Each structure stands twice: as C-alpha cells, then as structure tokens.
Amino acid sequence: MSATIQLITFLAAFLFFMQVVYLTSKNKLHDKYAFLWIMFALVGIAASFCLPLLNRFAKQIGITYMPSLVFMSAFLVVLVLLTYQTVVISRHEKLIKQLVQEIAFLDQRTEKSEMRNEK
C-alpha cells in the first residue's frame, strides 16, 4: 500500500474531523450529533493507518478489491444515518404539529376572552 494513499486518506479524515470541530464550536452542529460525526472522523483516521490490514481483511473474506469493501461499508453507514435522521425528522414533525395545535387553541381562547371583556 502506497504511503501517498495513506497520507491522502489521513488528510481527508483529519480535515473532516476539523470541520466537525469547527461546526460544533460555532454552534452549527449540536453536541449529540457532533459526537457521532467525530467518531466517524476518528474511525477514518484510524482506517488511514490500517489500510494494509483492511486490504488483507478484504482478501480473507473474498473481496479482491479493498476499496469495494470500504465503499460498501460507507454505503451501509450512510443508509443507517439516513434512517436515523428520518426518525428524528418524523419525531420533530409530530412535535411541531402538536405545538401548532396548542398555539391555535390558545389563540382561540385568547380571542374568546377578549370578546367577553369587550362586552
């Protein structure tokens, strides 16, 4: 495995790590999500040092081209993340709907109260 490939992989993972830290420091990424992304960045950094081991592992399980294993793994991780984000969005939509209904109910009560006070 070429040292150049390892260096490029390390730099990409490290830049991703720095981006997550930057977004977290600017409060654009909440801590509970930042932890997840930091873990992915650290796994990427660790993987950059273990490319020869990943190559051997891929050959042992019958995958002759190691980037295929990495791509498949990344694809599965992205699917899991998308599913998780869909669950979070669904929960937020439900909460927003409840809040809108409560606001409408309170507005209606306020209007009725104001009408009684005007009479």
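Me: What does contact mean here, and which residues is Thr-24 in contact with beyond its neighbours within four places in sequence?
Reply: Contact means heavy atoms within 4.5 Å. In this predicted model, Thr-24 is in contact with Leu-29, Asp-31 and Ala-34, leaving aside neighbours within four places in sequence.

Me: Why is Thr-24 called buried?
Reply: Buried means under 20% relative accessible area. Thr-24 has 18%, so Thr-24 counts as buried.

Me: Which residues make up the largest nonpolar core?
Reply: That core has five residues, namely Val-20, Leu-29, Tyr-33, Ala-34 and Val-88. Ala-34 touches Val-20 and Leu-29, and also Thr-24, not counting residues up to four places away in sequence.

Me: How many aromatic pairs does the structure hold, and why is the pair of Phe-10 and Phe-14 called stacked?
Reply: There are five aromatic pairs. The ring centres of Phe-10 and Phe-14 are 5.9 Å apart and the planes stand at 15°. Pairing needs centres within 6.5 Å and stacking needs planes under 30 degrees apart, so this pair is stacked.

Me: What makes the pair of Phe-10 and Phe-49 tilted?
Reply: Phe-10 and Phe-49 have 50° between their planes, at 5.5 Å centre to centre. Stacked is under 30 degrees and edge-to-face over 60, so the pair is tilted. Phe-10 lies in helix α1 and Phe-49 in helix α2, so the pair ties together parts 39 residues apart in sequence.

Me: Is Phe-49 buried or exposed, and why?
Reply: Exposed means over 50%. Phe-49 has a relative accessible area of 57%, so Phe-49 is exposed.

Definitions and conventions. Residues are numbered from 1 along each chain as its sequence is written. This is a predicted model: local features need pLDDT of at least 70, side-chain atom pairs count only at pLDDT 80 or more; totals for chains, interfaces and linings use all residues. Side-chain values use heavy atoms; hydrogens and water are left out. Buried means under 20% relative accessible area, exposed over 50%, partly exposed in between (1.4 Å probe, protein chains only). A nonpolar core is a set of buried Ala, Val, Leu, Ile, Met, Phe, Trp, Tyr and Cys residues joined through side-chain atoms within 4.5 Å. Rings of Phe, Tyr and Trp (its six-membered ring) pair if their centres lie within 6.5 Å; planes under 30 degrees apart count as stacked, over 60 as edge-to-face and the rest as tilted. Helices (H or I, at least four residues) and strands (E, at least two) are DSSP runs, numbered from the N terminus.
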